[in-house]
Each structure stands twice: as C-alpha cells, then as structure tokens.
There are 2 protein chains.
Amino acid sequence: MRTLFNAEMSELADDLIAMARHVETAITHASDALLTGNVELAQTVIAEDAALDELEGLVDERCVLLIAQQQPVGLDLRTIISSLRISASLERMGDLAQHIAESARRAYPASAVPESHREILEGMCAAAKEAASETVRLLETRDLNVAAAIVSDDDNLDALHSRAYKAIIDGSYTGSPQETLDLALLARYFERFGDHAVGVSRRIVYLVTGDHSGDRSKI
Amino acid sequence: MRTLFNAEMSELADDLIAMARHVETAITHASDALLTGNVELAQTVIAEDAALDELEGLVDERCVLLIAQQQPVGLDLRTIISSLRISASLERMGDLAQHIAESARRAYPASAVPESHREILEGMCAAAKEAASETVRLLETRDLNVAAAIVSDDDNLDALHSRAYKAIIDGSYTGSPQETLDLALLARYFERFGDHAVGVSRRIVYLVTGDHSGDRSKI
C-alpha cells in the first residue's frame, strides 16, 4: 500500500515538472516571438496552452483521488495540497505567456516592442525565462538556492515593471495610445509571471523546511 | 463524529461567506473611491486587505485539518478542495479591489477617471459590485440562478473592458500617457475581478450539480 502511495506521489511530482517544462517552453517562445515579431511562434504558444490546462486538470484529479483513496496525513497531505496550489500557479503562468504571445500577434506586422522600451522588455523576457527554468529545476531538485534565485528574478521583474511605467509617464515618451496600452499590459503580465513563480517557490520552501512565513504571497 | 464534522463543514462555509462579504465591502468602497476621488475611502480598502489575507490563511488551515482529522471522501472531500480554490479566488478579488483603490489614491487630488471613460468605468464599478454581492448570495444560498447572474455580470465586464480599450485606440482619444496607463490597468483589474467571480460560481455549480464542464475557467 505504502509502495503504491509512494509511486503515486512520485507521479504527481513528475506531472508538476511536466507542467513547469511546458511553462518554460511557452514563456521562451512567447518572449522570442515578442522580441522578434515572429507571429508563427506566437501562434504555437497560443495553440499549446490548452495542453497545459489539460495537465492541470489531470493533476487536480490525481490529488483528489490520492486524498480519497490513501487518506494521507502530515507532510504527505501538505504535499498534495501544495501540489494543487502549484498546478494552479503553473497554469496561470502559461496563461500569461499566452497573453504575451497574443500581444506579439496583435501588433504584427508591426512590433509590440517600441524602441523606448526595448531594453526593458528584453530584460523582462530574460528574467521571466530564468524564473521559468529555475521553477523546473526547483521542482526537480528542491534546492533552496534555486528558490532564492527565483525570488531574485522576481525582484528584477518588479524593478523592470516599475521602470517600464516610469518610462511611460516620463515627459519625453512619445508612444501612441495603442503602444502605451500594449506596454502597460505586457509589463503587468511579466510582473505577474514573476509573482506566480515566487508563489511556487514558497510552497516548495515550506515543504522542505516547514517554514510557512513567506506563504502570504499573492498568488 | 459526524455531528462534529458537519459543524466544522458549516463553519468552513461561514468562513467563505465572511470572506465574500469582505470582498463585497472592498469592491464597493474601492469603486466609490474611484468614481468620487475619495482618498480616505481608498485608504480603508488598502488597509483592510490584510484582514482578508488572514481569513484566507484560516480557511486553508481549516481545510487541511478537516481532511487530516476526518478523512472525508466523495462530496465532502470535493467541497473542502473547492473551498480551498474559492478562498484563493476571493483573496485575489480582494487584491484587485485594493489595486483599484490604489489607482484612486495615486491619482488624488486629480481623478483616475477621465471624462472619456467615465461612463465605462461607472458601468464596470456597477457590474463588479453586482458580481460581489451575488457571490455572497451564491455562497449563502447555492441558488443556480445567482450563479447565472454572476456569469452575466462577467460578460458585461468583458464587454466594458473591450470598450475601454477601443476608446483608447480610437483616433479621437486625447488622454495623457499616465491616464492611458491608469485606464489600461483599471479595466484589466475589473475584468479579472469578474473572471474570479465566475471561477467561484463554477465551483459552486459543480458541487450542486456535479457538472464539471465549466470548470476550465482561468482562475
């Protein structure tokens, strides 16, 4: 019975890693589509989001069945409940990557990245890709140094988000209303992406250390 | 044992209603602060969000303890898991109300609502208040007509969100970059508020009817 339970817990962990890899691909492609104006790449991100939603459904169902059939307590139960939360965050990260891809597609054949904000958006793309690849690694290794790196990426995203908005209200900005709208939303999507990555990392830190103090994150 | 369990399930339901009432107050005050430029009212919404976060923590803890101690199965287990999801959505709705209040505060003593968008934002405030008060009622009554009304409010918010963006890119719009930024975000906050209300309503519909088909909502 315990062996079966352990095998199922291990499959649950693998499902979360599969979801995180999907998110990593989505944000990598969405970022590249945004920076290069590649509409076909944007389209693949948008088309593939449904697969992530499906994975989330499977994880949720597995969690409920595991609780019902195995009646876990203690750390096992907390791991399953955390998995439910993590799958919701990963699904949301996929949605945000999709929104970024939609921005790239909407702007095509123009670029959604005006020169005034190119450097900032390049920074956001890089930080979001880092956060996504570290999320995969954290779920694989539960290495707390990786969790700390995700928090640092999120700090970086917050700082860039703030710079993006300051550059809009700065007197020298000359973007059109459409550009301003796109930038406002893009910066927001990246900032939220970082928040969700931190949410995932805090749940893993809690499972590893039992420290719940960072868990009032807004995810 | 069963009597105790039923009492605890009833307390869990009461906690969710308390959270929903908190959200209703927050969105009502945030909307009024936004439309009237009342900075003190905005401040109360911002200050009181911590209480909602605390309620979410209590609900989550209660859910985990209920599962660990009572080992529920079937509908009871699904109700508890749904309660975890609903508390996350309600907490997020509170955050969005807080963001709306922050917009009102940031713009003060000017208004965050330019004349070009007053009617649209009045409509969004009204629809969001409706959705919040119906969310309370749905949790109290589990009346499926109320769930349908929430979906209709969300449709209304989506349409207004789309109108808000169209009015920005319409050639006759003359708002400043700061106004455009504020409007882009405000419209997004209201639109997400509606999404989360629909997320709550779908979980209740599922518990009442067993129909899970609407549950791939993006919450």
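1. R142(A) sits in the loop that runs between α4 and α5 of chain A. The model is a predicted one. The phi angle of R142(A) is near 55°, which is a positive value in a residue other than glycine. With a relative accessible area of 35%, R142(A) is partly exposed.

2. Q71(B) belongs to the loop between α2 (39–70) and α3 of chain B. The relative accessible area of Q71(B) is 29%, so this residue is classed as partly exposed.

3. In chain A, Y108(A) and P109(A) are joined by a cis bond with omega about 5°. P109(A) lies in the loop between α3 (74–107) and α4 (118–141) of chain A. In chain B, the cis bond is between Y108(B) and P109(B), with omega about 5°. P109(B) is placed in the loop between α3 and α4 (118–141) of chain B.

4. On the relation of the copies: chain A is superposed on chain B by a rotation of 180°, with 0.0 Å of shift along the axis and an RMSD of 0.0 Å. The two copies are therefore related as by a two-fold rotation axis. Within chain A, the C-alpha nearest this axis belongs to Q71(A), at 2.9 Å from it. Both copies use the same surface, as 100% of the contact residues of chain A recur in chain B.

5. I81(A) is part of helix α3 of chain A. Its relative accessibility is 8%, and since buried means under 20%, I81(A) counts as buried. Apart from neighbours within four places in sequence, I81(A) is in contact with I67(A) in its own chain and with V64(B), I67(B), I81(B) and L84(B) in chain B. Between I81(A) and D170(A) the separation is 89 residues in sequence and 45 Å in space, C-alpha to C-alpha.

6. On the annotation: UniProt, in an unreviewed entry, places the feature "domain: PhoU" at residues 18–103 and 122–203 of chain A. Over residues 18–103 of chain A, the chain is 94% helix and 0% strand, with the end C-alpha atoms 26 Å apart. Over residues 122–203 of chain A, the figures are 89% helix and 0% strand, and the end C-alpha atoms are 29 Å apart.

7. The second largest pocket holds about 430 Å³ of space. Its lining has 22 residues, and those closest to the pocket centre are H161(A), Y165(A), R106(B), L185(B) and Y189(B). Two or more lining residues come from each of α5 (144–169) and α6 (177–209) of chain A, and from each of α3 (74–107) and α6 (177–209) of chain B.

8. On the make-up of that lining: α3(B) gives the largest share for the second largest pocket, at seven residues. By class, the lining of the second largest pocket consists of 11 charged, six polar and five nonpolar residues.

Technical notes:
Residues numbered from 1 in each chain as written. Chains lettered and ligands numbered in written order. Predicted model: local features only at pLDDT ≥ 70, side-chain atom pairs only at ≥ 80, totals over all residues. Heavy atoms only, no water. Least-squares fit on C-alpha atoms with pLDDT ≥ 70 in both. Contact = heavy atoms within 4.5 Å. UniProt positions renumbered as here; feature names shortened; annotations may be inferred. Helix = DSSP H or I, 4+ residues; strand = E, 2+ residues; numbered from the N terminus. 1 Å grid on protein atoms, 1.4 Å probe; cavity = no way out; pocket = protein on both sides within 12 Å on 5 of 7 lines; lining within 4 Å. Points joined across faces, edges and corners; volume = space filled by probe spheres on them. Nonpolar A, V, L, I, M, F, W, Y, C, P; charged D, E, K, R; others polar. Buried < 20%, exposed > 50% of the residue type's maximum accessible area, 1.4 Å probe, protein only.
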